[in-house]
Amino acid sequence: MQPSLPTIIKRLSRRNETYVFIVLIGLCLLIEIRSGQFFSSNNLVDISSAMIVPGLFAIGAFLVLISGGIDVSFPALASLSAYATTKLLLVINYNGSIWAAILLALFIGAILGAFNGLFIAFFNLPALIVTLGTASVFKGIMQGALNSKQLTTIPAGMVEFGKKSLFIATNSVSGLTSRMPFAFLFFLLVLALTSFILRYTMFGRGIYCIGGSETSAIRAGVRVKRTKFIMYILVGMIVSVAGIFRASMMQQFHPTNMLGMELNIIAGIVLGGTLLTGGKGTLFGAILGTLLIVVVENSLILIGVPTTFKNIFIGSLIIIGTSVSIYQSTNMNGIGNKKFTKRNAV
């Protein structure tokens, strides 16, 4: 039996994604009314292009948040693996396709992700403390052991990939053109695969189950330590590829320009309805929240708001999103306690 329209509206009104979508549409319309340029084809392509790296970061950070942890090391992890990969390929004078860079970054990202997973899954240390520490370690290795500095030249395969475009959009008024990077297809592919894993595999359901209650997950037969360990390896691989894409699209690599992105990414995920305590949230909501942050970062200048005020908007969104998440978490616990009290009373 199909649910009625009032039932559908009632269900939608309970979801964070609905409100984020309304705010996003409202913001887009406001920018369009003030500038007349938001819905121009080249601006939409620019926004989509700007979503590639934050979107991949959001997928990785979402997996950790939904499992009940929090990862603040992923920008440093991506920077280290991308820098080490690019530097190594330059040293051996590699001139082949980008696939060598992607495979090498996946390998390094898996090792660094396993480093996080080892301490969090098998030694039961808090994810926030571990990732704060590993973020510092990764930055230290990059800046100390690898003597990192800006790479103005990157391997030819990465340059060629960065220049590849799916199509080119032209603004009919200004004549400005924007390319849709080929990397956008990879972003969609990773998004689809992660969504499939979370929805249709025992591994994905195990991540949700661990975030809801680790004790219940163990009782339900979920191999908690192994699931967490594999998840952190997966996160390391996803964000490492994001680092390679960033370098390819910029045609150079700066070792520090991804550092500090973790706060905005986590804020976007929480805005999309993911609980900070884990166990509840959707990948669609996480991407929607990240898109809202990207639109704010990239489009305020179109309505004449100086970029110096950008942090005020971002900070406000972080406070609102975190407050909603904490309210929902408290409300859920309250409901749970009421049920528990009622059962005990019976």
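Phe-167 has Met-180 in E2 as its bridge partner. The two strands involved, E1 (residues 165–170) and E2 (residues 177–181), run antiparallel and are joined by 5 bridges; strands are DSSP runs of E with at least two residues, helices are runs of H or I with at least four residues, and both are numbered from the N terminus. Two strands pair if DSSP finds at least two bridges between them. E1 and E2 make a hairpin with 6 residues between them, and Gly-175 in the turn has a positive phi of about 85°.

The model is predicted: local features need pLDDT of at least 70, side-chain atom pairs count only at pLDDT 80 or more, and totals for chains, interfaces and linings use all residues. Residues are numbered from 1 along each chain as its sequence is written, and side-chain values use heavy atoms, with hydrogens and water left out.

The charged end of Lys-164 sits over the ring of Phe-182, 5.5 Å from the ring centre. The criterion is NZ of Lys or CZ of Arg within 6 Å of the ring centre and within 35 degrees of the ring normal.

Phe-182 also belongs to an aromatic cluster with Trp-99, Phe-161, Phe-186 and Phe-245. Across the whole structure, 14 aromatic pairs are found. Rings of Phe, Tyr and Trp (its six-membered ring) pair if their centres lie within 6.5 Å; planes under 30 degrees apart count as stacked, over 60 as edge-to-face and the rest as tilted. Two of the pairs involving Phe-186 are listed here.

| Pair | Centre to centre | Angle between planes | Class |
|---|---|---|---|
| Phe-161 and Phe-186 | 5.8 Å | 75° | edge-to-face |
| Phe-186 and Phe-245 | 5.4 Å | 65° | edge-to-face |

Phe-161 lies in helix H8 (residues 156–163) and Phe-186 in helix H9 (residues 183–200), so their pair links distant parts of the chain, 25 residues apart. Because Phe-245 is in helix H12 (residues 224–250) and Phe-186 in helix H9, the second pair ties together parts 59 residues apart in sequence. Phe-161 and Phe-186 are both buried, as is Phe-245; buried means under 20% relative accessible area, exposed over 50%, and partly exposed in between (1.4 Å probe, protein chains only).

Phe-245 is also in contact with Ile-102, as are Val-241 and Ile-244, leaving aside neighbours of Ile-102 within four places in sequence. Contact means heavy atoms within 4.5 Å. Ile-102 is placed in helix H6 (residues 99–122) and counts as buried because its relative accessibility is 6%. Between Ile-102 and Ala-61 there are 20 Å in space, C-alpha to C-alpha, and the two are 41 residues apart in sequence.
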